[in-house]
Amino acid sequence: QPGYWNDSSFNNPAQPVVGICWFEALAYCAWLSAQTKLTFSLPSEAQWEAAARGAAARRYAWGDEFASDHCNSFESHIRATTPVGLFSEGDTLDHKLTDMSGNVWEWTRSIYREYEYNPNAVPPSGAPHR
C-alpha cells in the first residue's frame, strides 16, 4: 500500500494519491494498461509542462500572474492536500485540466531539467521529480 494509505488526512477518495514512489507510479501504469488493454504511462516532463502551460505557454495553468486562490499552494496556507478540482479557477484554459498547479507534485517518466534536455532520460533513484 502507498504511504499514508490508512491516514484519514490523505485517503479521501477525492484526494490525490500521495506517498508512492516513481517505481510504484510506473507499476500502476503497467497494471492499468494490462487490465484495460489500453496504453497508460506517465507523461514526460515536457508533455506535463505542455499540458500545464497550454498552447499560449502561460506561466501558470490559468495565466501568467500567480493567484493564491487558484491553487493549493504554500501561499494558500491550507497545509494539506485538498480534493481534486476544489480550485476550479486554476484549471487550464485549453483543456480544463485540474490541479496542474498546486496540491501535490506529480511524477513524470523523465527527470526535470532546464531546457534543453533529453525528455527520455530516466531519473536516478531518489532524484526529485516533478
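Author: Let's start with a word you'll need: a residue is called buried when its relative accessible area is under 20%, and partly exposed between that and 50%. Keep in mind that this is a predicted model.

Reader: Okay, so is arginine 58 buried or exposed?

Author: Arginine 58 has 7% relative accessibility, so it counts as buried.

Reader: And what does its side chain meet?

Author: Look for a side-chain nitrogen of Lys or Arg within 4 Å of a carboxyl oxygen of Asp or Glu; that's a salt bridge. Here the side chains of arginine 58 and aspartate 94 form one, at 3.5 Å from N to O. That pair ties together distant parts of the chain, 36 residues apart, with both partners in the segment after α2. Aspartate 94 is partly exposed, since its relative accessible area is 36%.

Reader: How many salt bridges turn up in the whole structure?

Author: Two. Arginine 53 and glutamate 49 also meet in a salt bridge, 3.6 Å from N to O. Both sit in helix α2, four residues apart, or about one turn of the helix. Glutamate 49 is at 12% relative accessibility, so call it buried, while arginine 53, at 28%, counts as partly exposed.

Reader: What about pockets? Which residues lie closest to the centre of the largest one?

Author: The largest pocket holds about 830 Å³ of space. Its lining has 25 residues, and Val17, Ile20, Leu42, Glu106 and Trp107 are the closest to the centre. Helix α1 gives the most to that lining, with five residues.

Reader: And what classes of residue make up the lining?

Author: Sort them by class and you get 17 nonpolar, four polar and four charged residues.

Technical notes:
Residues are numbered from 1 along each chain as its sequence is written. This is a predicted model: local features need pLDDT of at least 70, side-chain atom pairs count only at pLDDT 80 or more; totals for chains, interfaces and linings use all residues. Side-chain values use heavy atoms; hydrogens and water are left out. On a 1 Å grid over the protein atoms alone, a cavity is a set of points where a 1.4 Å probe fits but cannot get out, and a pocket is an open set with protein on both sides within 12 Å along at least five of seven lines; lining residues have an atom within 4 Å of a point. Grid points are joined across faces, edges and corners, and a volume is the space filled by probe spheres set on the points. Helices (H or I, at least four residues) and strands (E, at least two) are DSSP runs, numbered from the N terminus. Ala, Val, Leu, Ile, Met, Phe, Trp, Tyr, Cys and Pro count as nonpolar, Asp, Glu, Lys and Arg as charged, and the others, Gly among them, as polar. Buried means under 20% relative accessible area, exposed over 50%, partly exposed in between (1.4 Å probe, protein chains only).
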